[in-house]
Amino acid sequence: MTVIVTDQGFQPDDWTQGYTPLYEAANDVPALDIPSQADPDTVPLSPGLAMIRVDFPSFADGRGFTIARQLRLRGYRGRLRASGHVISDQYAMARRAGFDEVEISDDLAARQPEADWRARASWQAHDYQARLRG
Amino acid sequence: MYNYTEFDKSFLAERNAQFRAQVERRIAGALTEDEFKPLRLMNGLYLQLHAYMLRVAIPYGTLNSAQMRQLALLAEKWDKGYGHFTTRQNIQYNWPKLRDVPDMLDALAEVGLHAIQTSGNTIRNVTADHFAGAAADEIADPRPYAELIRQWSTDHPEFQFLGRKFKIAVTGASEDRAVIKAHDIGLQLVRQNEQTGFRVLVGGGLGRTPMIGKVVRDFLPEADLLPYLEAILSVYNLLGRRDNKYKARIKITVHENGIETIRALTEERFARIRPSFSGVDQDLLPGIAAQFATPSFKSADTAGFTAAYAADPVFQSWVDTNTAPHKAEDYAIVSISLKAHGATPGDATAQQMRVMADLAHRYAHDELRISHEQNVILPHVHTSDLAAIHAALRDHGLATANIGLISDIIACPGMDYCALATARSIPIAQEIATRFEELQIEHDIGQLKIKISGCINACGHHHVGHIGILGLDRAGVENYQITLGGDATETASIGERAGPGFSADEIIPAIERLVYAYLDLRENPEETFLQAYRRLGLDPFKSALYPAAAVAAE
């Protein structure tokens, strides 16, 4: 099982429509699963797409942050979820890069409890990027 | 000097509080050592051979006397009374305790200093020409742009977990004192059609695969700086290799994909990113630049200086060797050598730091710089104050007149401190300096840059030393390889390996043979070692290094 982290803290997963792996995607799917080596320029952004889940195989693999930013810059406005080995110290980075939420395992949630994540929920504060980009 | 805004201060306070909590969570076990490692690294904390090491950033190498005094305080209170200035304009403390580090960071924050992103796979402390704002050959002061880059790169959400570290250097001068061609990104301020912009180089670096940076954009308008940097980083973050640590730097990405591909991808990404910058960064820039305004220079009688210069040969030698032309009349740029013969290159005691801070405060418009050559600079000194400064420096072992000479050696910490090192660097530097001091020929030799690395990672920049020394481990025995003809400036080149390495006992005599060969070979005293090498090539120097082999060949 997994836990979904948002600015409000931990909550159960409310996404019930499953995911289609990126490389098996038909034209119009509601949700895509994207690996960390994906090229964000070639991800099909069809009108019906409501959820994209980007995999973090390791917290040390920061490609997902750039993938998220590029998908947002390409105009994607649906839900964007970081999933896998993301640690609470990265929560603000994930939100600032364009993710809405983070999906973590129960094991990780036990080791890094909700308080650790909520401590990073005020990600809009102290943000150099917001200051420089306007 | 840039003064922290309320935003900078509260950011830093928050960041330090986060790190304090991370240290506590590590001790409590909520963070694994694997997870803690990148977090401590992005806050400047390494685990070295004997202890933790805290690397503190001196952004673009600029600091004021209060900051220098605080560096002295840290050295005394939490270390062994000294600090080590590095080739990337940082200072390293080699003996802090993990539990003390949050307090050290808070003490740094009191004077607007930090250790953020001085390590880890992220954008590192941005470096700049150490003569910025003072040099006679400058188009514009690069530090306002460097400060803008500091703000942009600090805690940048996309680039805290890159494939590898990423280093940016900026210069505003035609003479490159910032080694921009050996950085992941090198920026040179240029003017074109009345417009200020940058020549952008990418993919330079030393390490085990040394590369000279390539031009990715000939002219980048200054307003496009941040989005263009972001485009390069964005391309690198996704395209850079993550399968092999030794092939993960952008120099390999550029090498394997070709500069044309990197340029095309960067421009495409730039077109998408550019609109996400509204231009407010450019609105901030004049305010930042104003804080780096040229100090109001004084005019004073220089007769005393002229008399002292004529009367005191020691002072004269120091002035000739350790000062550089300043843009203002009767001003000089003073380099304080941290390379006293036999001392550890780049080390300064707390007391020496305070002496330099006092001199900066009293005589040098309160400014100091740290050079990548591991010396300290007083950038704005009126010549009438040089004698007093020299006298004070002499009392504290800081008046060595050897800037740019054979004993002004860059050396990495090597096996005395570093967990990666395969050989000692510091003792080799000390022995070379001591030997040439005994011979009393270093002023005759003239400009000669020796750079020493204690392992293949090349922190001592050996590839770009006129004479480079690389310490390796050959079956448990230290072995020193020599490279010749490297150059760290605007005419950058990677040195050529001269031949088989030398033992620790053989390396000093080998350098001596090499230098005497140069003295014999040069056309006149004005021809530097590097010029002679470029004129003659490797062979005559090789014969000097390996006399037995030369005889056998004949």
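Axes here are lines fitted to C-alpha atoms, for helices over the stretch in contact, and angles run from 0 to 180 degrees between N-to-C directions. The structure described below is a predicted model.

**Helix pairs in chain B**

By that convention, helix α5 (residues 143-153) of chain B and helix α6 (residues 225-239) of chain B cross at roughly 50°, and their axes come within 11 Å. This angle makes α5(B) oblique to α6(B). The crossing of the two helices α5(B) and α6(B) is right-handed. From α5(B), the residues making the contact are Tyr145(B), Leu148(B), Ile149(B) and Trp152(B), and from α6(B) they are Leu225(B), Leu226(B) and Leu229(B). Sorted by class, the contact of α5(B) with α6(B) has seven nonpolar residues, no polar and no charged ones.

A second pair is formed by helix α3 (residues 65-78) of chain B and helix α4 (residues 101-109) of chain B, which pack at an angle of about 160° with their axes 10 Å apart. Angles over 145 degrees count as roughly antiparallel, and α3(B) and α4(B) are therefore roughly antiparallel to each other. Their crossing, too, is described as right-handed. On the α3(B) side the residues are Gln70(B), Leu73(B), Leu74(B) and Trp78(B); they meet Met104(B), Ala107(B) and Leu108(B) in α4(B). This contact of α3(B) with α4(B) has six nonpolar residues, one polar and no charged residues.

| Helix pair | Axes | Angle |
|---|---|---|
| α5(B) and α6(B) | within 11 Å | roughly 50° |
| α3(B) and α4(B) | 10 Å apart | about 160° |

**Sheets**

In chain B, five strands form an open sheet of mixed pairing, in the order β6-β7-β8-β9-β10. Strands β6 (127-128) and β10 (214-221) of chain B stand at the edges with a single partner strand each, so one side of each has no neighbour in the sheet. Strand β7 (residues 168-171) of chain B runs parallel to strand β8 (residues 185-192) of chain B, and four bridges join them. Within β8(B), Leu187(B) is the residue opposite Val170(B).

Chain A has an open sheet of seven strands, ordered β2-β1-β7-β6-β5-β4-β3, and its pairing is mixed as well. Its edge strands are β2 (9-11) and β3 (20-21) of chain A, each of which pairs on one side only. Three bridges connect strand β6 (residues 79-84) of chain A with strand β7 (residues 101-105) of chain A, in the parallel sense. Ser83(A) has Glu103(A) in β7(A) as its bridge partner. Helix α1(A) packs on this sheet and touches β4 (31-34), β5 (51-56) and β6 of chain A; the direction of α1(A) makes about 160° with that of β5(A).

**Domains of chain B**

Chain B is divided into domain 1 (1-122), domain 2 (134-293), domain 3 (303-394) and domain 4 (410-553). For domain 2 and domain 4 of chain B, the C-alpha centres lie 31 Å apart. Each of these two domains of chain B gives eleven residues to the contact. On the side of domain 2 of chain B that touches domain 4, five residues are nonpolar, two polar and four charged.

**Contact between the chains**

Between the chains, 25 residues of chain A are in contact with 32 residues of chain B. Elements α1 (63-73), α2 (91-97) and α5 (128-133) of chain A each give two or more residues to the side that touches chain B. That side of chain A has nine nonpolar, six polar and ten charged residues.

Definitions and conventions:
Residues numbered from 1 in each chain as written. Chains lettered and ligands numbered in written order. Predicted model: local features only at pLDDT ≥ 70, side-chain atom pairs only at ≥ 80, totals over all residues. Contact = placed C-beta atoms within 7 Å. Nonpolar A, V, L, I, M, F, W, Y, C, P; charged D, E, K, R; others polar. Parallel < 35°, antiparallel > 145°, perpendicular 65-115°, else oblique. Left-handed = near helix turned anticlockwise from the far one by under 90°. Pairing = 2+ DSSP bridges. Domains from an automatic or database assignment.
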